Amino acid sequence: MKSKPAAYVALALLLPLVVYAATETSALAGRCMTCHKETTPGLYKQWFQSAHALHGVTCYDCHQAARSDADAFEHEGAHIATLVTPGDCGRCHTEQAEQFTASYHATAGQILHSNDAYLAHAVGGDPAAVAGCASCHGGVIKTTTDSPNHLAAGSWPNSGIGRINPDGTQGACTACHTRHVFSLKQVRQPETCGKCHLGPDHPQKEIYEESKHGIAYYTNVEEMNLASPEWRVGVDYHAAPTCATCHVSPTRGQALSHDIGTRISWTLRPIVSKHTENWEQKRGDMQEVCSACHSAVFVQGHYNQFDGLVNLYNYKFAGPAKAIMDILKKNNSMPSPAAFSNKLEWTFWELWHHEGRRARHGAAMMGPDYTWWHGIYDVGQHFYFKFLPEVRELGDTEANAYIDQLLQDPMHQWMSRPTAQIKEDIRSGRMQELYQSFYQPVMGRK
């Protein structure tokens, strides 16, 4: 009689252990569901209706932890982690986790060391930063043995998109894929993005709602086929685009990506906008999304107008304002040592961080009211009648000389010319000629 191969013997010895482990895991999962069906019935029903439940993915599959994990705690005979991080999700969703980790979303927690966070902590206080900033951007999750689930109260709960997790990962998948249903229908709708992308400094949700895209969506939402496994614009639906359509979802020529920045060609966050890395490729990818519904001429026309607004803002307002602030700081002419402890810094902050961003995002997303009345209108009013006068009051010779020279630029001379002359320049097209170079993807003036 032939002897069994060594591998066969090893497998035969291992199989009972595998069966035992699977049985033990199933028993743990069963206890989770039995208990939580009574203690948190809403949570249980969400999971029960999810694709996870349909495919046999249980509570324990996601929440299991090793004894040594920083956020692990013993619960009903098992080691459980309250936090489910991109590292955990990546055990099954490998490609999606890698894309997300490489995205700008995953780095959103880095704002915790920026001027935004300084404002929240210094002017407001830690509770404002925790419940406000960190709830969108993500906070540093701290662990403590004083808490039943080993998570510190000041840092948990938190599902901010750039959360800093104890296992070294960044981000929270549940910021978009709301637990515990993880619904495709839900994540494709603009309300999902509206948790963070709204308000005075980045009102993307409000801009979308006033745009023709948003109007088409809200008046035709029943035609959007939102629950479809495949969701390609122009193929599986055509009534309107959502945030997901333009930024992450598949198209006829592109696969779905969890890297939110792969189609963004301008960065509209800083004081002066600049093109992103590989911006021409990214712009082409976004234009391919647009081409599902719009002609190439229409798409190019939109980008001409978008570039025109961003270049206008950069050259006429943001660039000069930043140069003036740099002069004042270099010459130690700021009225007080602490940031935001004086009126000028607040004026400058709102000029670019609130008003300038609203204008740029409005142009990007075809929201005319935000481009002008909530955008450049406010920028212009506060640049000429708040910012420049406040700088003059400081008496910095170099800054005042810069302003004097700036106001000689034809774009700023409207303040010293009769209204009738300006109106005639507008009627004749001479005023418009000043800005023709701005309708280019790269700033026409240096």
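How do the residues lining the second largest cavity divide into nonpolar, polar and charged? Four are nonpolar, one is polar and none is charged. (Ala, Val, Leu, Ile, Met, Phe, Trp, Tyr, Cys and Pro count as nonpolar, Asp, Glu, Lys and Arg as charged, and the others, Gly among them, as polar.)

## About the model

This is a predicted model, where local features need pLDDT of at least 70, side-chain atom pairs count only at pLDDT 80 or more, and totals for chains, interfaces and linings use all residues. Numbering runs from 1 along each chain as its sequence is written, and side-chain values use heavy atoms, with hydrogens and water left out.

## The second largest cavity

Two cavities of 30 Å³ or more turn up in the structure. (A cavity is a set of points, on a 1 Å grid over the protein atoms alone, where a 1.4 Å probe fits but cannot get out; lining residues have an atom within 4 Å of a point. A volume is the space filled by probe spheres set on the points, which are joined across faces, edges and corners.)

Around it sit His36, Leu43, Tyr44, Trp47 and Cys59. Helix H2 (residues 41-48) is the top contributor to this lining, with three residues. (Helices are DSSP runs of H or I, at least four residues, numbered from the N terminus.)

## The largest cavity

The largest cavity comes in at about 40 Å³. Its lining is made up of Ile271, Tyr313, Phe317, Ala318, Ala321, Phe348, Leu351, Trp352 and Val379. That makes nine nonpolar residues, with no polar and no charged ones.

Helices H15 (296-330) and H16 (343-364) each supply at least two lining residues here, and H15 gives the most, with four.

Notes: On a 1 Å grid over the protein atoms alone, a cavity is a set of points where a 1.4 Å probe fits but cannot get out, and a pocket is an open set with protein on both sides within 12 Å along at least five of seven lines; lining residues have an atom within 4 Å of a point.
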